[in-house]
Amino acid sequence: MSALTAAAALALPALAAEVPADGQWRGNVTAAVSATAGNTDTTAVLVKADGVRLTRDDKTSLGGTVNYARSTVDEVRQTTANKFGLYGQYDHDLAPRLVVFGRLTADRDDLNDLSLRAAVSSGLGWKLVRNDTTQFTLYGGLGYTRDRYAKPQMQDGRSGTRFERSSLMLAEESSHQLTPTVRVKQRLELNPAIGGDRSNLLKFSADLGVALNSTMSLSVGLQLSHDSQPPVGMKRTDRSLFTGLEIKFGV
């Protein structure tokens, strides 16, 4: 990996973590695919997209992830992952470092019988670090979440297919340009319930990218989600580790 990084550094100009504030959409699409055949047949696909539009006064972010995997053992086919997540966020600058934000998310996980988890949150953000190579922002506010399941679930001592809660929304996100060709970005979000069904949620994602040229990178990512009250028989924490190719758009 170090030799690849060194070779790319000679061919590419320095890259910045700061997105130009010119009102143009920029982002990336990452695809990871794996397959095996023989005694056990497996297929796994993960596609992840993120886009950002930045102006002098605001920032709009959109993105989503699709994760599907299946395996066949002794001619018995089993789906081991089938979920997606979408998000949209708008930040408006109130001061050089202070922003007000609104965020919408939608998630589905067929293995957990989760037909749809829709959440909305709003609050304030503080740009703790903001320079050419590092962006680090803290967010805090209130949120509302509604879950709809395909089958009745037990949550907070109540059985049903629909649950809802109000919660705090606490998050931090950052991007770091470590070298001209290596960048890291991550986001951690906590949603502790303060009303309604007492389910506490956590999401974490991290990506490491090594540039091959101006539009393509090798990417390694981690996605983690935690539900304090998952459906019966399911684990509280779900993790996905992937490596694939990342294509930039709007460069």
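Q: Which strand does Thr134 lie in?
A: Thr134 lies in strand 7. A strand here is a DSSP run of E with at least two residues, a helix is a run of H or I with at least four, and both are numbered from the N terminus. You are looking at a predicted model, where local features need pLDDT of at least 70 and side-chain atom pairs count only at pLDDT 80 or more, while totals for chains, interfaces and linings use all residues. Residues are numbered from 1 along each chain as its sequence is written, and side-chain values use heavy atoms, with hydrogens and water left out.

Q: Why is Thr134 called buried?
A: Buried means under 20% relative accessible area, exposed means over 50%, and partly exposed is in between (1.4 Å probe, protein chains only). Thr134 has 19% relative accessibility, so Thr134 counts as buried.

Q: What makes Asp113 partly exposed?
A: The relative accessible area of Asp113 is 23%, so Asp113 is partly exposed. You can find Asp113 in the loop between strand 5 and strand 6 (114-130). Its phi is near 60°, a positive value in a residue other than glycine.

Q: How do you know how confident the predictor is in the protein chain?
A: Look at pLDDT, the predictor's confidence in each residue, from 0 to 100. The protein chain averages a pLDDT of 90, and 93% of the residues score at least 70.

Q: Where in the protein chain is confidence lowest, and where is it highest?
A: Confidence is lowest in helix 1 (residues 2-11), with a mean of 34, and highest in strand 5, at 98. Over residues 1-16 the pLDDT is below 50, and this stretch has 22 contacts in the model beyond near neighbours in sequence. Contact means heavy atoms within 4.5 Å.

Q: How many aromatic pairs does a search of the whole structure find?
A: The search finds two aromatic pairs. Rings of Phe, Tyr and Trp (its six-membered ring) pair if their centres lie within 6.5 Å; planes under 30 degrees apart count as stacked, over 60 as edge-to-face and the rest as tilted.

Q: What makes the pair of Phe101 and Tyr139 edge-to-face?
A: Phe101 and Tyr139 are 5.1 Å apart centre to centre, with 75° between the planes, and this aromatic pair is edge-to-face. The pair links distant parts of the chain: Phe101 is in strand 5 (residues 98-109) and Tyr139 in strand 7 (residues 134-155), 38 residues apart. Phe101 has a relative accessible area of 2%, so Phe101 is buried. Tyr139 has 6% relative accessibility, so Tyr139 counts as buried too.

Q: How do you know that Tyr149 and Phe163 form an aromatic pair?
A: Their rings are 6.0 Å apart centre to centre, and with 80° between the planes the pair is edge-to-face. Tyr149 lies in strand 7 and Phe163 in strand 8 (residues 158-177), so the pair ties together parts that are 14 residues apart in sequence. Tyr149 is buried because its relative accessible area is 5%, and Phe163 is buried because its value is 1%.

Q: Which residues does Gly195 touch, not counting residues up to four places away in sequence?
A: Gly195 touches Arg165 and Ser166. The C-alpha atoms of Gly195 and Arg165, 30 residues apart along the chain, are separated by 5.5 Å. Gly195 is in strand 10 (residues 193-196).

Q: Why is Gly195 called buried?
A: Its relative accessible area is 15%, so Gly195 is buried.

Q: What makes Ser121 count as buried?
A: Ser121, at 8% relative accessibility, counts as buried. Ser121 lies in strand 6. Leaving aside its neighbours within four places in sequence, Ser121 is in contact with residues including Phe101, Leu142 and Met169.

Q: How many residues line the second largest pocket?
A: The second largest pocket is lined by 24 residues, of which Asn67, Ala69, Thr80, Ala81 and Ser240 lie nearest its centre. On a 1 Å grid over the protein atoms alone, a cavity is a set of points where a 1.4 Å probe fits but cannot get out, and a pocket is an open set with protein on both sides within 12 Å along at least five of seven lines; lining residues have an atom within 4 Å of a point.

Q: Which strand gives the most to this lining?
A: Strand 13 gives the most to the lining of the second largest pocket, with six residues.
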